[in-house]
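Dear colleague,

I am handing over a structure for you to look through, and my notes on it follow below. Please read them with the coordinates open beside you.

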Amino acid sequence: MRADRCDQDAAGLEPLLQFVRDLLHRGGDDDAVEIAGAGRDVEFDRIGACGEKQLVVAVGAAGLEEDLFARGVHRKRSLAQGQFDRVFRAPKGLRTDFYGVALEFARRSSTTLTWSSVLGALQVRVPAGADPELTAVRALHGLWSRSDTSAVAAARAAARAASAADGRALDAILDGCASAEAWHRAALTALLTLHWVPGGATPRSPAELVRTAWLAAAPDDSSSVAAVPAIITRRFGGPQAVPRYGVPATLRPRVVRGENWSAGVWLERHGYDGLLEVLHRLDWPVLDGVTLADDGEPIRLTSVPRRAGETLNGFLEPRGAIAVEPAYVPVLALGAVVHEWIHLLVETRRLARLVTDQGGALVLPSADPWLAEGLAEAWSERVLAPAHEAVPLLAVSEAEKRARLARTAPDDPHVLGYLIVRAALAGNGADRTLVRFLDAPDLSAIATDPALAAAWRAGAGAPDVVVPLASRRFLVPETTFTITDNVPDAVRATIRSRD
Ligand SMILES: [Zn+2]
C-alpha cells in the first residue's frame, strides 16, 4: 500500500511518471488493480470506474521502477508537476475518472452528498448483492450519457417532487457532471502535452512523440502537426473516441469562396472557419431520398449539414478535433486519442493531395478504411511505445479492443488493417514504408507496390480477402448563397452534368 505517497511532496519533487502510474492505480493503491472478467461488463467498468474495484486492468501492475524522470530539469519538472496537480490532484488522492470527479465537484455545493443520496434522487433500488456505489454510477451514467435534455429535466423534476433534499442532490450531481466534462478534456490534454515519457535525453510528452514520428515520415508536412488538436466532449455512452475532420487549409478556397466584394469583406472579418460554420447551416435544397442514377454507381444527393449529421466524423468541419466520451477514463483513453490524432493527420494529408476537380465538381475521394485504421492502430502503437514501456497498463485499452474485435470481427479494419500495416513496418526503413502507406490511394496500390513485396512474401499464395462495401457516394449541389447575421440564404443550386 502506498496510498499516502502522492501527498508527501508538496515541493514538487515526485516524478510525473510516477503520477501517471498512480492514476492507473487510483491514487497509488496497488490493491485497487484487478483483473477484469470478459464480457460486456468490461465495457462499462472501463468507463464507469467509480470504486476501487471497478478499475479495469488486464495485465499486471506497473512496476515501481526508480525515478526515470530526467535529471537536471528541476525547474521544468516543477512547472509540469504544477500543471499536473491542478488537473489531477484532489483534496484526497488523485482524480482519475469522470464520475468520481463529478461527485467531488458536486460536494462543493452540497457537502454531505454521497452516492446513496444519488440513488435516492434517481429513485433507483440496489438489487440484492449489488454494489450500491456502482449501481448509483450506472444509473447516473444511464441518464447523463443519453444527452437527452428532456429526460434530464424530467429526472430533476421527479427528484424535486420526491423531496427537496433529493432535488438538491440530483441538481448538484448533474451540475458536477457538467463541470467534470471540462475536467475530462483538460485531463486528456494534460496527459498528451505534459513531459512524462522517459527514454530520451529529457522526458517527452506523447504529443512530442506524435510530432517526431510524423515529421520523420512526412517532413514536408510540418504545419498540420504543429498544434495539438482540440479535444471535444461527445457522449457516446461507451468508451469511444472519433476524429472530426476539418477542411485542409489548401482546400478551403476550393470548397467555398466569396464571389463579390461584400463576400470578400465578410470573409476578411469572419475567416474560412466562419464561412464553413455558415455552410453547416445551409440545408438547402432539401433533397432527402433523391438519387442521381446513370449507368454507374448511384449518387445520393444531400447537403453539408445533413451529411455532417449522419457521420460521427462530421463533414467539411471548420476545425479538426477529437471527440471523446467523457466517462472514458483519461489514462485508458490516451491510446485512443493518439489513434484519432493520427487519423486527423493522415486524412488531412490525403485530402490535400487527392482531391480533384472533375468537370467543375470537387471530388473528395473516400478513405480506404483498412488503410486508415491500419495506420491509426499500428502507428499509434509505435508512437506510444516509449510510454507503454514505462507504463505498460497504458497499452491495455487499445489492445483489449483489438483482441475483442479479432474474436468477433477478424476482418474489421482495426484488426486486419493493423496486421497489414504492422507487418509492413516490421521490415527495414519503417519511415519510408509509412510514406508509402500515407500516399497510397488504397490498399490495392500497397499490395502491388514492388518496394513492399518482401513484407507480403509470408502470405504469398493465400486467397485474397474480398470485403463488400456499400456504395457511399453522395453529391452536394453547388449552392450560391448570401449571408445575413451569419444565417445563409440560398439563391440557387446547380448540378453540373458530367457529359
Ligand atoms: Zn480509427
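Two residues are taken to be in contact if their C-beta atoms, placed from the backbone, lie within 7 Å. Please bear in mind that this is a predicted model, in which local features need pLDDT of at least 70 and side-chain atom pairs count only at pLDDT 80 or more, while totals for chains, interfaces and linings use all residues. Residues are numbered from 1 along each chain as its sequence is written.

With that contact criterion, and not counting residues up to four places away in sequence, Pro386 touches Val197, Gly199 and Leu209. Between Pro386 and Val197 there are 6.7 Å in space, C-alpha to C-alpha, although the two are 189 residues apart in sequence. Pro386 itself sits in helix α15, residues 385-390, where helices (H or I, at least four residues) and strands (E, at least two) are DSSP runs numbered from the N terminus. Pro386 is partly exposed because 16 other C-beta atoms lie within 10 Å; on this scale a residue is buried with 20 or more such atoms within 10 Å of its own C-beta, exposed with 12 or fewer, and partly exposed in between, the C-beta atoms again being placed from the backbone.

For the protein chain as a whole, there are 20 helices and 12 strands, and 38% of the 499 residues count as buried. Among contacts between residues at least 6 apart in sequence, 70% join residues at least 24 apart.

An open sheet of 3 strands has the order β3-β7-β4 with mixed pairing, two strands being paired if DSSP finds at least two bridges between them. Its edge strands, β3 (230-233) and β4 (241-244), each pair on one side only.

Finally, β11 (residues 478-484) and β12 run antiparallel, joined by 7 bridges. They form a hairpin with 2 residues between them, and Asp485 in the turn has a positive phi of about 50°. Of the 8 residues of β12 (residues 487-494), the number buried is 0, so this strand lies largely in the open.

With best regards
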